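Reader: I would like to go through this model feature by feature. Please begin with strand pairing.

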Amino acid sequence: MLNESLFNRFRETVAQQQLGVYGVHVYQEGRGTVAHRWRSDDRTCLYSASKTFAALAVGICQEEGRLSIEDKALDFFPQYRDIASAGSEDITLRDLLHMCSGKLFSMFDVPWDSPVLRQTDWAELFFRLHVTAKPGTHFWYSNPSTYLLGRVVECVTGQNLRDYAKPRLFDKLNIFNPQWHTCPQGHTLSYSGLYLTTEELSRLGRLLLDGGVYEGKQVVNAAFVQALHEDIVDSNPDNGSDPEGAVGYGYQVWRCRREGSYRADGSYGQYSIVVPDKRAVVTITGHRNSLWLDTVRAAFSDIVELL
């Protein structure tokens, strides 16, 4: 069985590199779980690790027959067809999942203190953004892409993303009453703003490791979970020189350098890393202002290699 001595080397690295880790949780099939805390296990913002939950909600919607990831995003918003920039009509939900919308904007092209963000539908702002690359051909990490996925879920279910996912995903992971921030118009933020504990986040990794099954029950379609980490686009153009950011991007998950491994990934160090060849999940929350991927490297060198 796993025991806390597993973290001896990782704890030294956290201290030496000042990684700012809040907590680490490891699950390995057949060996149980083990965790270590640097602070209390409070729910903390997952930042972009929230995106993976949004992707799973899309997968559940597809399984229910409400949409297909090959659907065109603009078809769900006919009210914006006349104002959408040229090329917007070609963007599919799969392109949004892949961060390949062709709209090369990390956020809406509006200052954060602009009243436009409080007064205008963010779906409208998305469709107004110019398409400068052919949809489906160019990776560009984009919060608006994930936000729009949440809005599509809302269009086809009549519920915001958080409320739709609660009985179908969160409740089945035994995550009680999760809090997820909204935009000023009350729509789930989708790309960020979900608050969970380290251990609650680890359940996401276990769900993915087991092909959409949690505690013996199929929560998400296995084919969708497989595609989530195997239908990969080249992430190198938008990720500079860090090799952990250049291995590829799936449906709101990042490929890792270790063959077959991938992760939900949030700013400042929020990770649930799935390691299929070890039948393991390493989950970390924390806060570091720079070089966040150093934490991923430490997780592999100081934990995964010891399993």
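Author: The model is predicted. Q179 has Y195 in β5 as its bridge partner.

Reader: How many bridges join β4 to β5, and how do these strands run?

Author: In general, strands of a sheet pair through backbone hydrogen bonds, in either a parallel or an antiparallel way. Here β4 and β5 (residues 194–196) run antiparallel and are joined by two bridges.

Reader: What is the strand order of the open sheet?

Author: The order is β3-β5-β4, three strands with antiparallel pairing. β3 (44–45) and β4 (179–180) are the edge strands, since each pairs on one side only.

Reader: Which residues does E124 contact, leaving aside its neighbours within four places in sequence?

Author: E124 is in contact with Y80 and I83.

Reader: Why does L293 count as buried?

Author: L293 counts as buried because its relative accessibility is 16%. L293 is part of helix α10 (residues 293–302).

Reader: What does L293 touch, not counting residues up to four places away in sequence?

Author: L293 touches D242, E244, G245, R263, D265 and Y271. The C-alpha atoms of L293 and S267 are separated by 9.5 Å, and these residues are 26 residues apart along the chain.

Notes:
Residues numbered from 1 in each chain as written. Predicted model: local features only at pLDDT ≥ 70, side-chain atom pairs only at ≥ 80, totals over all residues. Heavy atoms only, no water. Helix = DSSP H or I, 4+ residues; strand = E, 2+ residues; numbered from the N terminus. Buried < 20%, exposed > 50% of the residue type's maximum accessible area, 1.4 Å probe, protein only. Contact = heavy atoms within 4.5 Å. Pairing = 2+ DSSP bridges.
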